[in-house]
Amino acid sequence: MKNLSTPNKTFYGFAVGVLVIVGILGFLSLQNGFSGDQALFLIYSKAINNGAIYYKDVWDIKQPTIIFFYLLGGKIFGFTEIGIHLLELIYWLSFSFLLMFGLRNYFSNPSFALLTPLFTIGIYYTVSGSLHFTQVESLVGFPLFLSIWFCQKFLESPKLKRYLFLSGLFGGIVLTFKLLLGVLLAGFWICFFVFFFGFKINLRKFVEQSVLILFGMIIPVALFFAYFWINGALEELWYATFVYPTRAVATVVMNERDFQLKTGLVWFFKSYFPVISLTIGLFVLLIISLFSDWRGKIKTVFRIENFLFTALFIWIVLGLSVILIQKLSWWEYHYSLPMIPLGILAVVFLERLSALIEGNLKTHYRAIGYAGFAILLLLALVPTARRLSQKIREFREPELISIGDRKVLVTGSALGDYKSISADTKYFVNENPKPPIFIVSNPLYYYLSDSAPAFSSNGAMSDMFTVEEWRRLDREMFEHPPKYIFIEARLVKPTSEKDPVFIDFLNTNYAIHSTGNRGSFYERKRR
């Protein structure tokens, strides 16, 4: 039953406490080093800040919003680890505020809404490492939730049509993060129409509501479309969004990605075990409740107050499905996509279990019931507590790393990469002006040498190049040969097999400058 109580001073006080806890957890990760993905996003955002056009001057498969998120963080707080992570922390603190005050009326006891940031963003900050922070799959959770939430608000107040417009608006933002997530949006909105109309659809209202959603959705998509149209990059946008993914998937040999699939799933279940187990517990409770009085329960399924939590279940199911169909990826950070619905539904289970204890145990047995449940919850949170203790140790023992002509304190799982790559780039890092370089390896080589890519080709994903990408690379190499080229040792053979033109050009026009931990830097020969 929806609770319409107004928050009291106690609620506000605990809400501040929750925000402080989330802030502390985020603060522990401010100095966390970048993985290759974050380094690439930062390098590209800096290039765009200097006038480059995405997909044209710097190229990647991802939709543009993640790059512009880094651009915003860089312009406000600086193009550094702390700058980007600080923007993410503000982003999640805002979301935590929304969860507590936006969900309080959907719990019988509003105090349970205070737990939702801890079981979503709190666990995210605790279990995530360099590979997982500020990735699309985590950041997109904010607009995804808002798209659902505004549908819920419209169901409660059908005369306020702006709610459907806002649902579509945030859905459009989701699409600019990742087009494939349109599958989730379709699931949400189909669910919304089922709840609104039941099985007797009113065509006029259906069209009216669809237009409102579509109109909102078009706005952010149109803004990015205009950006690429103004900058003459519509062809590149079309290729990166629709053409390349289908061609690249066709080149993937399934067995080659099995290990990646396994490690990603293992990380997901280990990292999010507490909320996964609690969400399964909620599902079991619902099944038991349904079978105990299925005729009575069926009649209440489509009550409007059930939409929000039904949509969260859909988010988990469709989110995991979207992850599994992405044969090009299967990275650990993809499994951050369902973290928000898992965390919220875990808190719903806690409330339901609390109600069962209150309603079914005599007063003198309730303490035993709560104690037993608390013990089980603490056992489930043991892996999370271990991760948190590791984070605290890392925070207390940062290492000083040179990046160009500045030194920064770095923590996290990327520290080993920072050390080895800094050693590889020390030979030319102090050159002024910075030489143009091209990297067939981890984009951290750009970031840690404080250098920009010589041209648009993305050497970090050369193992997923199609014929078109190899041709582009050859063309750009001939037209704009960089001073330095780095190629990772393990990529020499596959590169020579897929693009012998590139290797011939390298051997003819370049000589080895230095050999480091992962491969060799080649320097262009003087004529």
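This is a predicted model: local features need pLDDT of at least 70, side-chain atom pairs count only at pLDDT 80 or more; totals for chains, interfaces and linings use all residues.

Me: How far apart are the end C-alpha atoms of α9?

Reply: They are 22 Å apart, which agrees with the 22 Å that the 16 residues of this helix (residues 182-197) should span at 1.5 Å a residue. The helix is followed by Gly198, whose phi is positive, near 70°.

Me: What about α16, how many of its residues are buried?

Reply: Of the 22 residues of α16, 16 are buried, so this helix is largely enclosed by the rest of the structure. Helix α16 covers residues 339-360 and reaches 31 Å from its first C-alpha to its last, close to the expected 32 Å.

Me: Changing topic, how many salt bridges does the structure hold?

Reply: It holds 7 salt bridges, and one of them joins the side chains of Glu156 and Lys153, at 3.9 Å from N to O. Glu156 and Lys153 are 3 residues apart in helix α7 (residues 141-156), and so they are separated by about one helical turn.

Me: Why would that spacing matter for direction?

Reply: An α-helix has 3.6 residues a turn, so residues three or four places apart point the same way.

Me: Which side chain meets Glu399 in a salt bridge?

Reply: That is Lys419, with 2.9 Å from N to O. This pair links distant parts of the chain, since Glu399 lies in strand β1 (residues 399-403) and Lys419 in helix α19 (residues 415-425), 20 residues apart. Glu399 is partly exposed at 30% relative accessibility, and Lys419 is also partly exposed, at 40%.

Me: And which residue forms a salt bridge with Asp417?

Reply: Arg518 does, the closest N and O atoms being 2.3 Å apart. Here too distant parts of the chain are linked, with Arg518 in the loop between β5 (510-515) and β6 (519-524) and Asp417 in helix α19, 101 residues apart.

Me: Is Arg518 buried, exposed or partly exposed, and what about Asp417?

Reply: Arg518 is partly exposed, with a relative accessible area of 23%, and Asp417 is partly exposed as well, at 25%.

Conventions
Residues are numbered from 1 along each chain as its sequence is written. Side-chain values use heavy atoms; hydrogens and water are left out. A salt bridge is a side-chain nitrogen of Lys or Arg within 4 Å of a carboxyl oxygen of Asp or Glu. Helices (H or I, at least four residues) and strands (E, at least two) are DSSP runs, numbered from the N terminus. Buried means under 20% relative accessible area, exposed over 50%, partly exposed in between (1.4 Å probe, protein chains only). The expected span of a helix is 1.5 Å times one less than its number of residues.
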